[in-house]
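Below is a set of questions on how chains meet in one model. Each answer sets a value against its definition.

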There are 4 protein chains.
Amino acid sequence: MKERVFAANLELPDAGLVKLTWGNVSEINREAGVIVIKPSGVSYSTMKSGDMVVTDLNGETIEAGLKPSSDLATHVALYKAFKEIGSVVHTHSKYAVMWAQAGREIPAYGTTHADTFYGGVPCTRQLTPEEVTSAYELETGKVIVETFKEKAIDPLAVPGVLVYGHGPFTWGQTPQKAVENSIVLDEVAEMASMTEVVNEAVQPIPQYLLDKHFFRKHGSNAYYGQN
Amino acid sequence: MKERVFAANLELPDAGLVKLTWGNVSEINREAGVIVIKPSGVSYSTMKSGDMVVTDLNGETIEAGLKPSSDLATHVALYKAFKEIGSVVHTHSKYAVMWAQAGREIPAYGTTHADTFYGGVPCTRQLTPEEVTSAYELETGKVIVETFKEKAIDPLAVPGVLVYGHGPFTWGQTPQKAVENSIVLDEVAEMASMTEVVNEAVQPIPQYLLDKHFFRKHGSNAYYGQN
Amino acid sequence: MKERVFAANLELPDAGLVKLTWGNVSEINREAGVIVIKPSGVSYSTMKSGDMVVTDLNGETIEAGLKPSSDLATHVALYKAFKEIGSVVHTHSKYAVMWAQAGREIPAYGTTHADTFYGGVPCTRQLTPEEVTSAYELETGKVIVETFKEKAIDPLAVPGVLVYGHGPFTWGQTPQKAVENSIVLDEVAEMASMTEVVNEAVQPIPQYLLDKHFFRKHGSNAYYGQN
Amino acid sequence: MKERVFAANLELPDAGLVKLTWGNVSEINREAGVIVIKPSGVSYSTMKSGDMVVTDLNGETIEAGLKPSSDLATHVALYKAFKEIGSVVHTHSKYAVMWAQAGREIPAYGTTHADTFYGGVPCTRQLTPEEVTSAYELETGKVIVETFKEKAIDPLAVPGVLVYGHGPFTWGQTPQKAVENSIVLDEVAEMASMTEVVNEAVQPIPQYLLDKHFFRKHGSNAYYGQN
């Protein structure tokens with residue numbers, strides 16, 4: 001499990017999604033009662049699989065070693081609220097950050113988006129001063145959960161979010177899938193911004209095309225891939 | 001032929017035109033009655049030449065093995081309508097997708113465009129709900145053919161198209177040429193969008209310059225290259 | 001110390017921040033009374049650690065060898081005014097240059113910015129004809145210092161600046177940190193420009209979020225990283 | 001000389017300035033009465049130094065072998081008019097092409113520009129139908145020369161140009177310098193376009209700053225570099 005989390009973390013700089021020590025991937029094993037996450041502020045080039053930090057389901061470290069990512073509390077909040085997910089990824093990938101800084105949902109402008117996200121990728125509200133100065137990382141997780149509840153979005157249908165003024169979180173059933181979702185999110189974020197430059201009046205794709213592409217790849221009637 | 005299709009598929013990630021398992025290249029041999037195409041959803045890094053899928057001219061698989069690309073029906077429709085082409089390529093390359101999402105034809109703003117595309121690269125109309133929910137991939141091929149017929153465009157003179165809300169397809173007489181056309185399409189798509197940013201009132205190049213550049217490289221009076 | 005300055009200089013092309021022979025890194029040892037800086041106009045691919053130029057605290061060369069970077073006088077002026085810094089970096093990285101050419105401060109639009117820069121990254125005023133034609137590089141340093149004094153900005157809290165019509169300088173306590181600050185500056189410069197494209201009415205993040213992110217990484221209450 | 005021209009041609013794809021078989025570099029030796037240029041339409045990955053084509057000063061091939069670049073007549077026209085230059089480069093680098101397609105001069109918005117180009121990089125007028133259909137490549141060279149004469153620009157002070165609707169040509173005293181000028185041209189083209197996005201009202205840098213930067217690197221009072 002440490003190896004898998006380690007490998008998934010290394011994919012982030014390889015895919016151009018993070019610079020320096022930014023970004024983190026975690027995985028949860030609910031049966032075993034553990035979460036494994038990247039240590040805080042460690043260089044990707046010197047990090048080893050043994051440096052991954054093991055915590056319980058409340059984010060309490062249960063092995064001596066490095067300090068966990070400072071974003072751990074956000075991951076824990078997501079795992080508690082979204083029971084079906086197995087991995088969470090956070091990056092500062094530039095196009096997703098750009099939309100987060102703009103405070104806007106990324107509209108579903110095409111099938112590249114629809115293949116992974118069943119509708120716009122939402123942006124949370126701004127955190128309040130109280131939320132930021134108290135338990136900031138926990139509150140970041142809570143505002144994500146609040147956003148999905150209020151908009152009645154299924155977190156498996158839209159496996160990612162933008163935190164206002166901050167950046168993206170994505171998730172999935174495995175670390176590999178969660179990282180893939182980060183890659184797609186940044187790609188569609190870039191495509192969406194340039195689409196608006198080329199056509200100011202662009203509209204999201206119609207619901208029937210969104211349905212077609214999402215369910216071509218997901219659910220019991222999926223026919224993309226080898227399964 | 002499998003080797004050639006395999007190699008052409010691998011060029012797509014090398015040229016930065018696809019991410020993850022996106023994109024596909026096929027080749028047709030009309031005399032032998034076969035089409036060879038990339039399998040669906042297989043990773044570029046583990047794919048082997050033997051994984052290429054062989055079908056008949058109607059897209060029916062004729063060898064046991066992997067499932068063909070889910071876009072096969074689009075390729076078949078193009079091969080049936082465009083008799084002179086030998087290969088089809090589909091990508092989600094980001095600048096071409098951007099124009100497809102914007103629902104706009106890419107105007108011929110310069111000689112880089114004119115060297116490969118004899119006029120604007122058209123964008124299809126939006127598919128109807130009936131087309132999407134029935135035989136989506138087949139209808140995608142049909143709307144491309146309809147676009148070329150209605151606009152009276154020779155598919156060899158403009159070897160590419162944008163499918164509204166989706167992305168580009170290109171073609172050519174060989175897989176290598178079809179992939180090259182995808183590379184050029186994404187390049188001119190990027191150049192065109194930025195050209196409009198720098199000059200909102202830009203107009204396509206005059207017909208005589210379009211003629212000069214296209215026929216410098218194509219047809220019986222071509223003088224570019226070593227032939 | 002030459003080795004460290006040499007290695008830091010090589011990071012600039014590796015990080016994509018400089019082309020050709022552009023850019024330079026220096027380090028100061030105030031106790032030993034020396035500054036080490038990249039030689040002027042030397043190719044990154046042939047440069048050796050022994051080529052680094054050693055000067056006194058006034059920028060007078062104290063070892064026979066190559067000529068120092070023509071920007072040395074700017075570095076010296078910064079070292080004299082900003083007593084706590086140990087290294088200065090100058091690049092022509094494209095997004096920071098873009099803002100410098102636009103003559104605009106980079107607003108703190110998100111937490112990526114706030115993690116490194118405690119507020120907007122200021123842009124100096126235009127230099128006067130007299131300043132440019134007299135001691136240009138020295139005056140460049142002076143106008144940076146003037147900018148920080150007039151705006152009452154702590155150079156350790158905002159470890160970088162844009163020189164109007166020219167480009168960025170960053171600094172830090174070590175060459176590694178100063179180079180990191182150049183990497184972050186170019187990244188947030190790109191993010192900020194695209195953020196404005198996506199949302200023309202975007203505002204800087206609130207002060208409480210700026211405080212949270214900056215002090216999460218800096219100062220006595222920092223809790224990011226392993227220390 | 002073939003080796004040098006070959007090496008300079010290979011720098012174009014390495015620097016990201018050309019795709020496929022686009023672009024070409026030539027060198028002239030006026031005393032020996034020869035021009036060496038890239039062959040037409042040959043792949044960069046298989047090209048050998050022996051493939052370089054040798055012509056006389058009028059562009060007539062004087063060695064059996066491959067056909068020269070179809071742009072040869074443009075190079076010859078530039079060599080005849082600009083007596084001091086020793087090498088010419090043509091690319092379709094994307095940001096320079098964008099300005100050429102927009103039909104706009106690239107303004108000198110900063111010192112990165114001024115270090116290499118002493119003023120705006122001009123864009124030619126559109127060629128007439130007669131010029132395009134007669135001796136197109138020769139007329140391309142002539143309109144460049146006309147542009148520099150009409151605007152009274154010294155081709156050594158501004159070693160590059162945009163051909164309307166087409167793309168950039170640069171030159172220099174050596175192939176290495178001419179290629180460097182292509183690299184800088186594309187970089188400042190990108191910087192200029194984004195500068196206008198960030199500040200619509202941006203003005204070129206003042207003449208005294210242009211003077212300072214250009215003459216810091218060029219002419220008898222230059223003090224940049226090791227000479």
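**Contacts between chains**

Q: How many residue pairs are in polar contact across the interface of chain B and chain D?
A: The rule finds 19 residue pairs in polar contact across the interface of chain B and chain D, both residues at pLDDT 80 or more. A polar contact is a pair of N or O atoms within 3.5 Å; within protein, one must be able to donate a hydrogen and the other to accept it, and residues adjacent in sequence count only if both atoms are side-chain atoms.

Q: What are the conventions behind these values?
A: The model is predicted: local features need pLDDT of at least 70 and side-chain atom pairs count only at pLDDT 80 or more, while totals for chains, interfaces and linings use all residues. Residues are numbered from 1 along each chain as its sequence is written, chains are lettered from A and ligands numbered from 1 in the order in which they are written, and side-chain values use heavy atoms, with hydrogens and water left out.

Q: What makes the pair Glu137(D) and Arg216(B) a salt bridge?
A: A salt bridge requires a side-chain nitrogen of Lys or Arg within 4 Å of a carboxyl oxygen of Asp or Glu. The side chains of Glu137(D) and Arg216(B) have an N to O distance of 2.7 Å, so the pair meets the rule. Across the interface of chain B and chain D, four salt bridges are found.

Q: How many residues of chain B and of chain D are in contact?
A: With contact defined as heavy atoms within 4.5 Å, 31 residues of chain B are in contact with 33 residues of chain D. The area buried between these two chains is about 2900 Å², and carbon and sulfur atoms give 57% of that area; buried area is the accessible area (1.4 Å probe) that two parts lose on being put together, summed over both. In chain B, the residues that lose the most area to chain D are Val198(B), Tyr208(B) and Gln226(B), together 23% of what that side buries.

Q: Why is the relation of chain C to chain A that of a four-fold axis?
A: A rotation of 90° with 0.0 Å of shift along its axis superposes chain C on chain A, with an RMSD of 0.0 Å. That is why the relation is that of a four-fold axis. The superposition is by least squares on the C-alpha atoms of residues with pLDDT of at least 70 in both copies. In chain C, the C-alpha nearest the axis belongs to Val197(C), 5.7 Å from it. The copies use different surfaces, as 6% of the contact residues of chain C recur in chain A.

Q: What is counted between chain C and chain A?
A: There are four salt bridges between chain C and chain A. Arg216(C) forms a salt bridge with Glu137(A), their closest N and O atoms being 2.7 Å apart. The contact takes 31 residues from chain C and 33 residues from chain A.

Q: How far apart are the closest C-alpha atoms of chain B and chain C?
A: They lie 11 Å apart, and no contact joins chain B and chain C. Chain A and chain D do not touch; their nearest C-alpha atoms are 11 Å apart.
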